[in-house]
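Welcome, and please open your viewer.

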Amino acid sequence: MSTTPPTDHARRTRDDGFAVLVVMAGMTVLMLVLTLVLTYSTQTLRTIRDARDWNQALMAADAGVSDYLARLNADDNYWLTSPDCTNTAMRAPQANGACGWGASTAVGWLPVPGGDGADFHYDVNTSATAVSGTIQLTVTGRDQGETRTVQVRLRRGGFGEFLYYTVYETLDPANEAQFGTNNTTAQTRCSKYYWAGRSSWSGNPCVDINFITGDVIDGPLHSNDSILMSGRPTFNGTVSTSLPSCKPVNGVNPAASSCYRAASGGATPVFNKGITYRAEITMPDSIGDLRQYVASSQPTPGCLFTGPTRIKLIDDSGPVSKMKVWSPWTRGTLNPGCGTPPLDGDLLTIPNNNIVIVQDVPSTQTKDASNTTVPTGSCAAGWIGDGLPLAGTTSTGDFAQTLSESSCRYGTLYLEGVLEGRLTMAADNNILITGNLTYKGGRTGTDALGLIATNSVKIYHPAKCTTYSSGKCTAGTNLNRPVGSTFQDPQVNAAILTLQHSFTVQQYQLGSPLGTLNLFGTIAQRYRGPVGTGSISTGYLKHYVYDTRMRFAPPPYFLDPVRSAWDVKTYGELSPRYGSG
């Protein structure tokens, strides 16, 4: 049996069919690859677009923060307008019907200028602004259906920005011991900068204060004036001055020696973080009416006491400190928690996160809480309470009692103790720190004390005058305090504010050296306050340490002691508060 081999035609037919299959398979694979590429490209484009929208939403939220800041810095009191009915970004459902907005009012969105459809909405919380000085701003940005929400805390940068801030580097012209009472010559000549003519007057009465060897400033310092240096003081924080000779020239900072004045004996100050020029920072004349916060109409008013008042802060292991109060002029019905007159060492709980104010005796009041007529002049020895004040004449006892600032009708606060809590204390006259003033929680806790004096905040220093002539005491000796010895190496934890005068030591020029004045906090003062003389023949050396918490958590009612711009102090992102729409 024989077979017939396939013809060439048959072989070609089979090969052609196989080739078609190969081509079709190849085309299928190619189509799959193209499909995958197109799908990936489409998804990538969508991802890129989504990422763009995501980022644009955050940029819109940041634009909202900038928008509110711009409004706030254009109008210091804009935070009081909440909500602002003319601002679309604030429009939201309102339970109280403010601006005519009700529960069904749609959320308002304000377009970002040049934002190609992006917009923002913000919610403003100013419920704690009067107390903490901060505004909580929550801003939602939106772009193409994507939303992102950020929350910031806004605060003025002025007060907490510095450990030490001074307008004039000269003795307060109202210093009665140096210039007498109402010395108009001193007031005229000394209320100007050294570089603006204070030094050019013939017979210049001004007394410029210097930093000396042994002084240590651990924190940022700014003076609008020309800082006077003697010897080798140490500055461990940034130092800035508004002295014109310190300005950079063509972008180059001058030598450090162009930024301060050297005393006649020479100076080699140590600036561990440099010294630079900074434009003048304006200090306002007033912090505003603090009495509104002790009005009985307030939901939780602080305490108002009258006339010379003695307060000791006491740690009794409770949640906040107690305070012992002696205030013989205070009478009538006081706010809840502030005691019942006559106040003679009454133990009270401090008004935490609130304020205590000591006011001058009203001109219409002639009798104290015991219905006794009080003589004019300084208070009788021990009359205030807790041994205060000491008796004094120009030759016996405490010389300070001969000065008009010791009037028994002035709102003077005598203060010491341990604070647990947050409290501001303000006085119409002086605040005299009579003993250590510290925080129970130390330097890392949440305790905060603010001291605001219409006149000055002073370290209490009773002294006997041993050389008195022409109305001045030029030499003296230290005296013991009513309870205790002389005030050696004081410890003071506080934010100190004297808008018109100084932080200083009472009778700083009398007596013998008393060690080092240790301050943990911040100081803002109009005139430089001396704490001793020479190198150091009387008074104290300085060791001041910056309480950085004051940047973000100032004491209650420290609103605007240094007039600088509002700025972001904390920033964080939250889950989106509003969806698209």
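This is a predicted model: local features need pLDDT of at least 70, side-chain atom pairs count only at pLDDT 80 or more; totals for chains, interfaces and linings use all residues.

Buried here means under 20% relative accessible area, exposed over 50%, and partly exposed in between (1.4 Å probe, protein chains only). Residues are numbered from 1 along each chain as its sequence is written, and side-chain values use heavy atoms, leaving out hydrogens and water.

Now colour by secondary structure: the chain has four helices and 32 strands (DSSP runs numbered from the N terminus, helices being H or I of at least four residues and strands E of at least two).

Next, select the open, antiparallel sheet of five strands, ordered 1-2-3-4-32; strands pair if DSSP finds at least two bridges between them. Strand 1 (110-111) and strand 32 (566-574) are at the edges, each with a single partner strand, so one side of each has no neighbour in the sheet. Zoom in on Leu110, which stands opposite Phe120 in strand 2.

Then show the cysteines. There are six disulfides (cysteine sulfur pairs within 2.5 Å). Select Cys190 and Cys206, joined with S to S 2.1 Å. Cys190 lies in helix 4 (residues 184-190) and Cys206 in the loop between helix 4 and strand 6 (210-211), so the pair ties together parts 16 residues apart in sequence. Cys190 is buried at 0% relative accessible area, and Cys206 is buried at 14%.

Finish at Cys85, partly exposed at 46%, whose disulfide partner is Cys99.
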